[in-house]
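Subject: Structure for you to look at

Hello,

Here is the structure I promised you. Please open it next to this message and follow along.

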Amino acid sequence: MNWTPPKLFLTAITSTAVAMATAPVSAHAEAGSPIYGITIPDGYRQWEMIAPAEEAAPLNELRVVLGNPIAIKAIRNSTLPFPDGTILAKLAWKRVPSPEFAPASIPGTATTVQIMVKNLKKYAATGGWGFGRFINGKPADEAQHQSCFACHQALVKNHDYVFTRLAP
Ligand code: HEC
């Protein structure tokens, strides 16, 4: 019998395929994300790092998760659930070998910027979190946004739907 990948897995792969086909990410979204109306927050590139991450083949991505000051304070104090006003940003790039030293991996083309915003009242139906995925600064389609909460809920509900822990 052939292995059938779970639906969430397929959604992630499809989304990434779309992301890969596009140019680097720009600083601002023109419109909000479908379902949630999230835009790319100003100044997110200056936020503190929570942790880096790497995704194996076939995605081959380097990621870094950043948090606004409310997020950083909460994560340092192990405050759960995260308070309203928390914003988490995940930046992703293709993982490529360094041209100067091949065993080292460095960021290649930017693929996606993903945002999670905590607002218990506004996003009550999705654990208090609103989601946005941006490709080249523009929000991805509604189908991709249907997948966000499902995966985060299935795997990290016990950590307020957030995967990333503060890097030691
Ligand atoms: C198939 C599972 C899956 C889906 C679908 C998914 N995510 Fe995630 N997400 C993860 C994992 C795993 C991480 C941890 C960091 C990493 O490995 O890149 C993560 C991390 C994040 C983070 C950093 C905070 C955290 O939880 O660690 C944000 C922001 C985020 N995702 C946004 C989104 C958005 C927006 C969507 C929908 C467009 C989405 N995610 C869909 C699995 C998923």
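Below is what was found in it, element by element.

**Overview**

Keep in mind that this is a predicted model. The protein has three helices and six strands. From the N terminus, their order is α-β-β-α-β-β-β-β-α. Of the 168 residues, 32% are buried. Now take the contacts with a separation of 6 or more: 57% of them join residues 24 or more positions apart.

**Strand β5**

Start with β5, residues 129-135. Seven of its seven residues are buried, so the strand is largely enclosed by the rest of the structure. In a regular strand, side chains alternate between the two faces of the sheet. Look for that here. Trp129, Phe131, Arg133 and Ile135 point one way. Gly130, Gly132 and Phe134 point the other way.

What does β5 pair with? β4, residues 105-118, pairs with β5 in the antiparallel sense, over six bridges.

**Around the ligand**

Next, find the ligand. Which residues come nearest? Of the 24 residues around the ligand, these are Arg133, Cys148, Cys151, Phe163 and Thr164. Several elements give two or more residues to this shell: α1 (7-20), β1 (48-55), β2 (61-67), β3 (87-97), β4, β5 and α3 (142-156). The largest share, six residues, comes from α3. By class, the shell has 12 nonpolar, eight polar and four charged residues.

**The nonpolar core**

The largest nonpolar core has 30 residues. Leu88, Ala89, Ile115 and Phe131 have the most contacts inside it. The elements that give this core two or more residues are β2, α2 (69-76), β3, β4, β5 and α3. β3 gives the most, with six residues.

Take a closer look at Leu88. Leaving out residues up to four places away in sequence, Leu88 touches Val65, Gly67, Ala71, Met116 and Val162.

**Val162**

Val162 lies in the segment after α3. Is Val162 buried or exposed? Val162 has 23 other C-beta atoms within 10 Å, and the cut-off for buried is 20 or more, so Val162 is buried. Leaving aside neighbours within four places in sequence, Val162 is in contact with Phe82, Leu88 and Val156. His152 is 10 residues from Val162 along the chain, and their C-alpha atoms are separated by 6.8 Å.

**Helix α2**

Finish with α2. Which of its residues are buried? They are Ala71, Ala74 and Ile75. These three cover an arc of only 95° around the axis, so they sit on the same side of α2. An α-helix has 3.6 residues a turn, so residues three or four places apart point the same way. What covers the buried residues of α2 includes β1, β2 and β3. Turn the model to see the face away from the buried side. That face of α2 carries the exposed residues Pro69 and Arg76. After α2 comes Ser78, with a positive phi near 50°.

Best wishes

Technical notes: Residues are numbered from 1 along each chain as its sequence is written. This is a predicted model: local features need pLDDT of at least 70, side-chain atom pairs count only at pLDDT 80 or more; totals for chains, interfaces and linings use all residues. A residue is buried if 20 or more other C-beta atoms lie within 10 Å of its own, exposed if 12 or fewer, and partly exposed in between; C-beta atoms are placed from the backbone. Helices (H or I, at least four residues) and strands (E, at least two) are DSSP runs, numbered from the N terminus. Two strands pair if DSSP finds at least two bridges between them. A residue is near a molecule or strand if its C-beta atom, placed from the backbone, lies within 6 Å of it. Ala, Val, Leu, Ile, Met, Phe, Trp, Tyr, Cys and Pro count as nonpolar, Asp, Glu, Lys and Arg as charged, and the others, Gly among them, as polar. Two residues are in contact if their C-beta atoms, placed from the backbone, lie within 7 Å. A nonpolar core is a set of buried Ala, Val, Leu, Ile, Met, Phe, Trp, Tyr and Cys residues joined through C-beta atoms within 7 Å. The arc is that of the directions from the helix axis to the C-beta atoms.
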